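Try each task before reading its solution.

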Amino acid sequence: MTERPNLSRRRLLQAAALVPAAAVPVIAVGSPANAAYLGNIVRADVIERAQNWYNRNIQYNGGSRATDIDGAHTYRQDCSGFVSMSWHSATPGHSTRTLPDLCTRINWGQLKPGDIVNSYDNHCMLFHKWSTTSGKIWIYDLATPELDMRHVQVTTANLRAQNYIPWRYDRIRDN
């Protein structure tokens, strides 16, 4: 298996700008997710909201804000602002310290789309799905200015070693 270079989405988009416009596919923005602001939200809407920021390549900048999928609310452009936006919770977004206040702690094996893994006062990531590779999960996160928005596989063993804890948002519903 060949390792792919870890290119940020910003660098990939800069490279794509050099390609003639006719060769670049158009990314369509989906219809607004149905969750009411501060209300209950279904897992599919959480993932749709996360994918919207990923598709828009929202850049990490804790001092800035970006609109959500419906354009009605703005959230901080950092990891916890991204999770808050995905959950359609309070603007401008919670912190890694306060996200657990909105959640119930769960076991690693209970993770479902829209749950989070959080490291208190450090970083949080939105769980997308289990990988077909044992011990890995797919996450969305807004990590650093260098990494931008990511959708990557990470190992649960590494997350555990870094004191990440899985949490389930109290307002999330399966469907």
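**Exercise 1.** Which residues of the largest nonpolar core touch the most other members?

This is a predicted model, in which local features need pLDDT of at least 70, side-chain atom pairs count only at pLDDT 80 or more, and totals for chains, interfaces and linings use all residues. Residues are numbered from 1 along each chain as its sequence is written, and side-chain values use heavy atoms, leaving out hydrogens and water.

*Step 1.* Buried means under 20% relative accessible area (1.4 Å probe, protein chains only).

*Step 2.* The largest core has 25 residues, and W53, F82, V83, W87, I116 and L126 touch the most other members.

*Step 3.* Trace the suppliers: α2 (43–56), α3 (79–87), β6 (123–130), β7 (136–142) and β9 (165–169) each give at least two residues to this core. Helices (H or I, at least four residues) and strands (E, at least two) are DSSP runs, numbered from the N terminus. The largest share, 5 residues, is from α3.

*Step 4.* Look for a separate core: a second one has 11 residues, among them V117, M125, F127 and L159.

**Exercise 2.** Which strands pair with β5?

*Step 1.* Strands pair if DSSP finds at least two bridges between them.

*Step 2.* β5 runs antiparallel to β6, with 4 bridges, and N118 faces C124 there.

*Step 3.* β5 also pairs with β9, antiparallel over 3 bridges; here N118 stands opposite I165.

Key
Core = buried A, V, L, I, M, F, W, Y, C linked by side-chain atoms within 4.5 Å. Buried < 20%, exposed > 50% of the residue type's maximum accessible area, 1.4 Å probe, protein only.
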